[in-house]
Amino acid sequence: MSTSQTLAAPPQTSGALSRATSSFKSFFKKLADEPLGMFGFAVLLLLVIVAILAPWIAPYSATSQNLSQALQPPSLAHWAGTDEFGRDILSRLIYGTRITIQTVLAVSLIVGPIGLLIGIVAGFVGGRTDAFLMRATDIVLSFPSLILALAFAAALGAGLNTAIIAISLTGWPPIARLARAETLIVRNTDYVAAARLYGASGSRLLLLYIAPMCIPSVVVRLTLSMAGVILTAAALGFLGLGAQPPEPEWGAMISNGRKFMLDNWWVAVMPGIAILVTSLAFNLVGDTLRDILDPRHAR
């Protein structure tokens, strides 16, 4: 008996691996039909590589000052020019990629689980619990996210960690509403009803049957929200409530360069281009993931 069970295990494992491989192949096949999505993924992959290898890629230090080289225009020695302290802007942009990626990942890891949990609980339990959680969500949504983030950042004190917390506190409501809408659909499906008949507990239904069905939509929504996260983080940095000097945060770099815009445009334009390209890449990736993962948007 044990021998037959042992012999039966490899085909099951092989079948699971085969399905996973098939899913990956299908995903990349669909991705290949989305050239803009491929471009977005390539840009994000490049940003991650740059963030990891920043100390080896950056031609100069991101914080060392050299006043004799202040406000030098773009050249072979300084591809993106220098700022008012003689710091190489390209090197600061490269190191600033680390701050941007760190902010995006941290906000995603906070906002995603919180919004998913609140949404599936509200949609599954219903009644007063649903009403209470959704009214709290509506209250947060009634305030402009940037204004609310500014209020939290001002109350908690300036700093990168404060900016991440402030953005996270304002970023979960859209995820919660999306997860609730998905839960209202999923909870009435046949396989959830069958699991309930077999005696599955409420927590088991939430974690093993409903939450996995909501995750693809949440991932797509998070990806589409990342451009807004980047812009909000840049706005906080611009106002001095994000990463503090001499950290090379892109929003703070634009703030420092705005007084040189007329004569030394590169000081503010270069970090602006970095924010534009990164935000565009996240939007392209989000649109592509929506087309691939959500059958209602399939072409």
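The largest cavity is lined by 18 residues, and Thr-100, Thr-103, Ala-233, Ala-234 and Glu-249 lie nearest its centre. A cavity here is a set of points, on a 1 Å grid over the protein atoms alone, where a 1.4 Å probe fits but cannot get out, and lining residues have an atom within 4 Å of a point. The structure is a predicted model, in which local features need pLDDT of at least 70 and side-chain atom pairs count only at pLDDT 80 or more, while totals for chains, interfaces and linings use all residues. Residues are numbered from 1 along each chain as its sequence is written, and side-chain values use heavy atoms, with hydrogens and water left out.

The volume of the largest cavity is about 140 Å³; a volume is the space filled by probe spheres set on the grid points, which are joined across faces, edges and corners. H4, helix H7 (160-186) and H9 each supply at least two residues of this lining, with the largest share, five residues, coming from H4. Helices are DSSP runs (H or I, at least four residues), numbered from the N terminus. By class, the lining holds 13 nonpolar, four polar and one charged residues. In this scheme Ala, Val, Leu, Ile, Met, Phe, Trp, Tyr, Cys and Pro count as nonpolar, Asp, Glu, Lys and Arg as charged, and the others, Gly among them, as polar.

The count comes to two cavities of 30 Å³ or more. The second largest cavity has a volume of about 50 Å³, and its lining consists of Asp-83, Glu-84, Arg-87, Ile-89, Arg-92, Met-253, Asn-256 and Val-267. Three of the lining residues are nonpolar, one is polar and four are charged.

Next comes the open space. The largest pocket holds about 410 Å³; a pocket is an open set of points with protein on both sides within 12 Å along at least five of seven lines. It is lined by 18 residues, of which Leu-44, Leu-105, Thr-223, Phe-282 and Val-285 are the closest to its centre. Helix H2 (35-52), helix H4 (89-125), helix H9 (202-238) and helix H11 (266-293) each give at least two residues to the lining. The lining of this pocket has 16 nonpolar residues, two polar and no charged.

How do the axes of helix H8 (residues 190-197) and H9 cross? They come within 11 Å and cross at roughly 175°, with axes fitted as lines to C-alpha atoms over the stretch in contact and angles running from 0 to 180 degrees between N-to-C directions. H8 is therefore roughly antiparallel to H9, a label for angles over 145 degrees. Tyr-191, Val-192, Ala-195 and Arg-196 of H8 meet Leu-205, Tyr-209, Ile-210 and Met-213 of H9, where contact means heavy atoms within 4.5 Å. Seven of the residues in this contact are nonpolar, none is polar and one is charged.

Several loop residues also deserve a look. Arg-258 sits in the loop between helix H10 (250-257) and H11. Leaving aside residues up to four places away in sequence, Arg-258 touches Phe-238 and Ala-268. Arg-258 and Val-269 are eleven residues apart in sequence, with 9.0 Å between their C-alpha atoms. In the loop between H9 and H10 lies Pro-246, and the peptide bond from Pro-245 to Pro-246 is cis, with omega near 5°. Leu-71, in the loop between helix H3 (54-57) and H4, has phi near 55°, a positive value in a residue other than glycine.

Finally, there is the confidence of the model. The chain averages a pLDDT of 84, and 89% of the residues score at least 70; pLDDT is the predictor's confidence in each residue, from 0 to 100. Over residues 1-13 the pLDDT is below 50, and this stretch has zero contacts in the model beyond near neighbours in sequence.

Terms used: Parallel < 35°, antiparallel > 145°, perpendicular 65-115°, else oblique.
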